[in-house]
Amino acid sequence: HVDEIIGMDNPINYRNKAQAMFGFKNGKIISGIYQSANGKIAEVEGCMLETDESQEIVKTVKRLAIKYKIKAYDLQSGKGFLRHVLVREGFKTGQIMVVIVSANDAFSQKEAFAEDLVSAHKNITTVVWNINPTETPLFLGKKSVSLYGEGHIKDTLCDLEFRISPASFYQVNHDAAEILYAKAKELCKLTKD
């Protein structure tokens, strides 16, 4: 037996985490979703699950990559620099973290890039540069450098404050997570003992 599903009031733009891979198509830089079945990138201009702000940040990163002549990473050849961008948002705090993931540590214009990004999006509270030299797509490497801010954001979930780093697990659907945890607490019938 399956009980009635507790749905969302507004199941649009609910993800507090967005990731976009970068690559080339017809000589132009593109961003989108990694297709693991064929190892290609499906170009995406908009997504109803991600917030408008995170989508605009991805577009700005793409624009800045062109401005600074940063080459997107090519999965087949293993050449290039910009692998993907990760955007995390604190829905209760309004804090935003942007993680620029590169294939190597040759980022001479990192300070100017971060400054331009923050200037374009005033809600960004931290920008982190992560280096992933492996062949594995959409993963974070072991080395991270904070280019702006503290290198993490904070958010509140079920009246508890969480510090979220680039690699932290944090439920991507804030509102549904609160409902889920409240329901679990209710079903546990917890007492002081």
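The model is predicted, so to speak of local features a pLDDT of at least 70 is needed, side-chain atom pairs count only at pLDDT 80 or more, and totals for chains, interfaces and linings use all residues. Residues are numbered from 1 along each chain as its sequence is written, and side-chain values use heavy atoms, with hydrogens and water left out.

**Helix H1**

Let's start with H1, which covers residues 52-67. Helices here are DSSP runs of H or I with at least four residues, strands are runs of E with at least two, and both are numbered from the N terminus. H1 has 16 residues and reaches 23 Å from first C-alpha to last, close to the 22 Å expected at 1.5 Å a residue. That expected span is 1.5 Å times one less than the number of residues.

Which residues of H1 are buried? They are Ser54, Gln55, Ile57, Val58, Thr60, Val61, Lys62, Leu64 and Ala65. Buried means under 20% relative accessible area, exposed means over 50%, and partly exposed is in between, using a 1.4 Å probe and protein chains only. Just after H1, Lys69 takes a positive phi of about 55°.

**The cavity and the pocket**

On a 1 Å grid over the protein atoms alone, a cavity is a set of points where a 1.4 Å probe fits but cannot get out, while a pocket is an open set with protein on both sides within 12 Å along at least five of seven lines; lining residues have an atom within 4 Å of a point. Grid points are joined across faces, edges and corners, and a volume is the space filled by probe spheres set on the points.

There is 1 cavity of 30 Å³ or more, and the largest cavity has a volume of about 190 Å³. It is lined by 15 residues, and Ala20, Ser31, Val44, Glu50 and Val58 are the closest to its centre. Val58 is also one of the buried residues of H1. H1 gives the largest share of this lining, with 4 residues, and strands E1 (17-25) and E2 (28-35), like H1, each supply at least two.

The largest pocket holds about 230 Å³ of space. Among its 14 lining residues, Phe24, Ile30, Lys40, Ile41 and Gln76 are the closest to the centre. E1 and strand E3 (40-43) each supply at least two residues of this lining, which divides into 7 nonpolar, 3 polar and 4 charged.

E2 and E3 run antiparallel and are joined by 4 bridges; two strands pair if DSSP finds at least two bridges between them. Gly32 has Glu43 of E3 as its bridge partner. The hairpin has 4 residues between the strands, and Gly39 takes a positive phi near 70° there.

**Salt bridges**

The count comes to 4 salt bridges, a salt bridge being a side-chain nitrogen of Lys or Arg within 4 Å of a carboxyl oxygen of Asp or Glu. The table lists some of them.

| Pair | N to O distance |
|---|---|
| Lys62 and Glu45 | 3.8 Å |
| Asp116 and Lys67 | 2.7 Å |
| Glu186 and Lys183 | 3.4 Å |

Why does the pair of Lys62 and Glu45 tie together parts that are 17 residues apart in sequence? Lys62 lies in H1 and Glu45 in the loop between E3 and H1. Lys62 is buried, at 16% relative accessible area.

Asp116 sits in helix H2 (residues 110-120) and Lys67 in H1, so this pair ties together parts that are 49 residues apart in sequence. Asp116 is partly exposed at 21%, and Lys67 is partly exposed at 48%.

Glu186 and Lys183 are 3 residues apart in helix H3 (residues 174-188), so about one helical turn separates them. Glu186 is partly exposed at 47% relative accessibility, as is Lys183 at 32%.

Leu138 is not a glycine, yet has a positive phi of about 60°. Leu138 is in the loop between strands E6 (124-131) and E7 (143-148) and is partly exposed, at 31%.

Lys189, also not a glycine, has a positive phi of about 50°. Lys189 is in the segment after H3 and counts as exposed, at 65% relative accessibility.

Note on methods:
Nonpolar A, V, L, I, M, F, W, Y, C, P; charged D, E, K, R; others polar.
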